[in-house]
Amino acid sequence: QLTMTAAPPLVVSSYTLGTEVGFFERVRAAAGAGFDGMGLRAENYWAAGIDDATMLAIADEHGVKILEVEYLTGWGTAADRDGAQQAKERTVFHMARSFGVRHLNAGLLEKLPLEEMIEAFAALCERAGPDLTVALEFMPYSGVPDLATAWQVVQAVPNGALIVDGWHWARAGQRADDLDGIPAERIVSVQLCDVRKEPMRPLRAESLGHRLPPGHGDGDTVGMVRALAGPG
């Protein structure tokens, strides 16, 4: 596991490059901008149309690694887990194992009772298997709107963890002391960005398409990073 004594890898998120950019272009963009690695969604993987070994070879040729896979959604109720969603879930699990990724990104848009979310998340982690970590991302417009709720959902699951995203951190009004009581090792990914001064409506549209680079907006990215770095 990475520690604060070694710089964690800098990864360009799949969403940073939009939804239409092909695999070759993603690799070149990540390498050209100096990232250590890149993230892929199941949709990017399907669209590539090439086998896993070839994808890894292309990334390696450009000096980048595939370090993040996503996005697990629709796992809250049996009704949401239709055939297409189950196929996507299996694909994300396969990608993680094929590319040697240690955690999977997950979120839940549906607003369900807390106990139902806890039970559903535990079932998702069981399907993933003990060799994979499922990292839950809180989003202020979702069923898991803040860090406290996310921690309630994941804390009892051995292979459950958390993602902290700078945009969601700012829009959810999180503070450094909201991290109190959360073990540092249970936060496995930090997503860096910045936010506009005035929120947009709907919030999700801003989250998906109107973020700003870290340090170029109205959020306190440095403060968030310091709050995370303090406890390790």
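The model is a predicted one, where local features need pLDDT of at least 70 and side-chain atom pairs count only at pLDDT 80 or more, while totals for chains, interfaces and linings use all residues. Residues are numbered from 1 along each chain as its sequence is written, and side-chain values use heavy atoms, with hydrogens and water left out.

Let's start with strand E3, residues 65-72. Helices (H or I, at least four residues) and strands (E, at least two) are DSSP runs, numbered from the N terminus. Six of the eight residues of E3 are buried, so the strand is largely enclosed by the rest of the structure. Buried here means under 20% relative accessible area, exposed means over 50%, and partly exposed is in between (1.4 Å probe, protein chains only).

Two strands pair if DSSP finds at least two bridges between them. Strand E2 (residues 37-41) runs parallel to E3 and is joined to it by five bridges. Strand E4 (residues 103-106) is also parallel to E3, with two bridges. Val-69 turns up in both pairings: it is the bridge partner of Leu-40, and its bridge partner in E4 is Leu-104.

Together with helix H4 (residues 83-99), E3 and E4 make a right-handed β-α-β unit. Right-handed means that, with the strands pointing away from the viewer, the path from the first strand over the helix to the second runs clockwise.

Now for the helices. H4 and helix H5 (residues 114-128) have axes that come within 10 Å and cross at roughly 50°. Axes are lines fitted to C-alpha atoms, for helices over the stretch in contact, and angles run from 0 to 180 degrees between N-to-C directions. That makes H4 oblique to H5, since angles under 35 degrees count as roughly parallel, over 145 as roughly antiparallel, 65 to 115 as roughly perpendicular and the rest as oblique. In contact (heavy atoms within 4.5 Å) are Glu-89, Phe-93 and Arg-97 of H4 with Leu-124, Arg-127 and Ala-128 of H5.

H5 also packs against helix H6 (residues 147-154), at an angle of about 50° and with the axes 8 Å apart. Here Leu-114, Met-117, Ile-118 and Phe-121 of H5 meet Thr-149, Gln-152, Val-153 and Val-154 of H6.

Finally, Leu-212 sits in the loop between helix H8 (203-209) and helix H9 (221-229). Its relative accessibility is 30%, so Leu-212 counts as partly exposed.
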